[in-house]
Structures are given as structure tokens and as C-alpha cells.
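Hi,

Here is the structure I promised to pass on. Have a look at it first, and my notes on what turned up follow below.

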Amino acid sequence: MKTSIRLIQQKLGISADGIIGPQTLRAISQALGIQEIPVWPTQSEVRRGASLFGAPGSEDALVSILPAYPLYFEGKQVRSIRVHRAVATHVQQALAEVLQHYGQEEISRLGLDQYGGSYNYRPTSSGNALSMHAWGIALDFAPRSNGLHVQSPRASLSHPDCDAWWQIWEKHGAVSLGRERNYDWMHLQFARL
Ligand SMILES: [Zn+2]
């Protein structure tokens with residue numbers, strides 16, 4: 001058992017300290033694929049206002065987080081990003097995992113540092129309902145090469161080298177409209193369809 005733990009630690013780049021702490025336990029459960037994936041409310045539950053996310057546009061529910069690696073909005077680095085407090089830890093962790101998995105150079109190459117916004121009190125593109133962005137539970141990345149109507153394989157985030165990117169977000173319960181519906185590949189949200 002000791003050997004396999006060390007192997008997992010090596011594989012995940014975690015230094016062995018002889019103590020099985022929370023980080024090691026998390027690494028083991030991740031390696032074994034037994035990590036608990038959070039289940040977020042559905043979009044319609046969110047829109048009814050009956051979910052843990054409360055009412056849309058509630059500034060009190062928002063927190064600013066510092067991204068694990070530099071993010072750029074329209075070419076300018078953003079200092080922090082604003083999301084609902086209930087998803088903040090997940091966003092922060094997911095970005096840290098992205099950095100750990102890809103490294104800075106690959107992040108830039110794939111455009112995973114091109115940020116398209118999170119909280120925004122606005123309707124969906126169809127205009128029929130409020131967007132999940134209005135609750136601060138949706139984020140957009142690499143918007144320039146993943147426009148609303150750009151499908152796979154033209155959408156850059158649909159490429160196989162972005163599989164790990166999506167797997168990281170999905171591990172936190174987030175949903176990709178691209179992966180689920182093949183549109184709006186820039187978009188991910190902490191609400192089920
Ligand atoms: Zn979006």
C-alpha cells in the first residue's frame with residue numbers, strides 16, 4: 001500500500017511527507033476516480049429562484065476571487081473575477097488544477113487564459129430568460145475562437161487537447177454547453193441543463 005501511495009504521489013507531483021493528510025487523500029481518491037462530484041441545481045430550479053443561488057443580480061452573493069494564473073479580458077489582465085460565493089471554491093480549485101495539468105505555456109497556447117466574463121445581469125442570447133451569468137454561476141473562456149454558433153471541430157475548446165480542461169470543470173460539477181449541446185463552447189455553468 002505504501003508503495004502505491006508513493007506512486008500516486010509521484011504521478012500527481014505531490015511530495016511524500018510520510019503523513020496521509022487531506023491533500024494525499026484527495027490525490028488518492030482522484031487517482032482512483034472516487035472523488036465526489038457536486039450536483040448543482042438545474043437551470044430551471046435556478047431561474048425559479050428556489051435554489052441555493054437565490055435571486056439573480058444579488059451583489060451580496062458575489063465574491064471576488066484571484067485566479068490561479070493570469071486571465072485576460074479583451075487583452076487586459078483582470079485582477080479578480082466575480083462569482084457566486086457558493087461556487088467560488090470550485091472555480092478557484094478548477095483553475096489551480098488547470099495550471100497544474102497544463103502549465104502556463106500550454107494555457108496560453110490553448111487560450112485558456114482568455115477570459116470572457118462571469119457575473120453579468122443579462123438574458124440569454126435568445127433573450128427569453130435570464131442567463132446563468134446573472135447569478136454569477138457561469139464563466140466564459142476563449143470567446144474569440146468559441147463564438148455562440150461555432151461548432152466542433154471549429155470551436156477551439158472542442159479540440160481533444162482541451163479534454164482535460166473540461167474534465168477538470170466537470171469534476172466540480174460544471175456543465176459545458178459545447179460538450180452537451182455543441183454550441184457556445186466558451187461557456188460553462190454550475191447548473192444542470
Ligand atoms: Zn456564457
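Let me start in the loop between H6 and S8, where Asp184 is found; helices (H or I, at least four residues) and strands (E, at least two) are DSSP runs, numbered from the N terminus. Please keep in mind that this is a predicted model, in which local features need pLDDT of at least 70, side-chain atom pairs count only at pLDDT 80 or more, and totals for chains, interfaces and linings use all residues. Residues are numbered from 1 along each chain as its sequence is written.

Asp184 has a positive phi of about 50°, although it is not a glycine. Is Asp184 buried or exposed? Asp184 counts as buried because 24 other C-beta atoms lie within 10 Å. The cut-offs are 20 or more other C-beta atoms within 10 Å for buried, 12 or fewer for exposed, and partly exposed in between, with C-beta atoms placed from the backbone. Asn182 is found in the loop between helix H6 (177-181) and strand S8 (187-189). Asn182 also has a positive phi, near 55°, and is a residue other than glycine. Asn182 is partly exposed, with 14 other C-beta atoms within 10 Å.

Now to helix H4. Where does H4 bend? The bend is at Gly103 and comes to about 95°, taken as the angle between axes fitted to the seven residues ending there and the seven starting there. After H4 comes Gly111, with a positive phi near 75°.

The buried residues in H4 are Val87, Val91, Ala94, Leu95, Val98, Tyr102, Ile107 and Leu110. They pack against strand S1 (62-65), strand S4 (81-84), strand S6 (138-141) and helix H5 (163-171). As a reminder, an α-helix has 3.6 residues a turn, so residues three or four places apart point the same way.

The largest nonpolar core has 38 residues, of which Val98, Leu112, Ile137 and Ala191 touch the most other members. Such a core is a set of buried Ala, Val, Leu, Ile, Met, Phe, Trp, Tyr and Cys residues joined through C-beta atoms within 7 Å. S4, H4, S6 and H5 are the elements that give two or more residues to this core, and H4 supplies the largest share, 8 residues. Leaving aside neighbours within four places in sequence, Val98 is in contact (C-beta atoms, placed from the backbone, within 7 Å) with Ile107, Leu112, Trp165 and Ile168.

Over in strand S1 sits Val63. Val63 is partly exposed, with 19 other C-beta atoms within 10 Å. Not counting residues up to four places away in sequence, Val63 touches Val83, Arg85 and Ala88.

There is also an open sheet of 4 strands, in the order S5-S6-S8-S7 with antiparallel pairing. Strand S5 (115-117) and strand S7 (175-176) stand at the edges with a single partner strand each, so one side of each has no neighbour in the sheet. Two strands pair if DSSP finds at least two bridges between them, and S5 and S6 pair over 2 bridges. Gly117 has Asp140 in S6 as its bridge partner.

One last item for your backbone checks: Ser152 and Pro153 are joined by a cis peptide bond, with omega about 5°. Pro153 is found in the loop between S6 and H5.

Best wishes

Terms used
Two residues are in contact if their C-beta atoms, placed from the backbone, lie within 7 Å.
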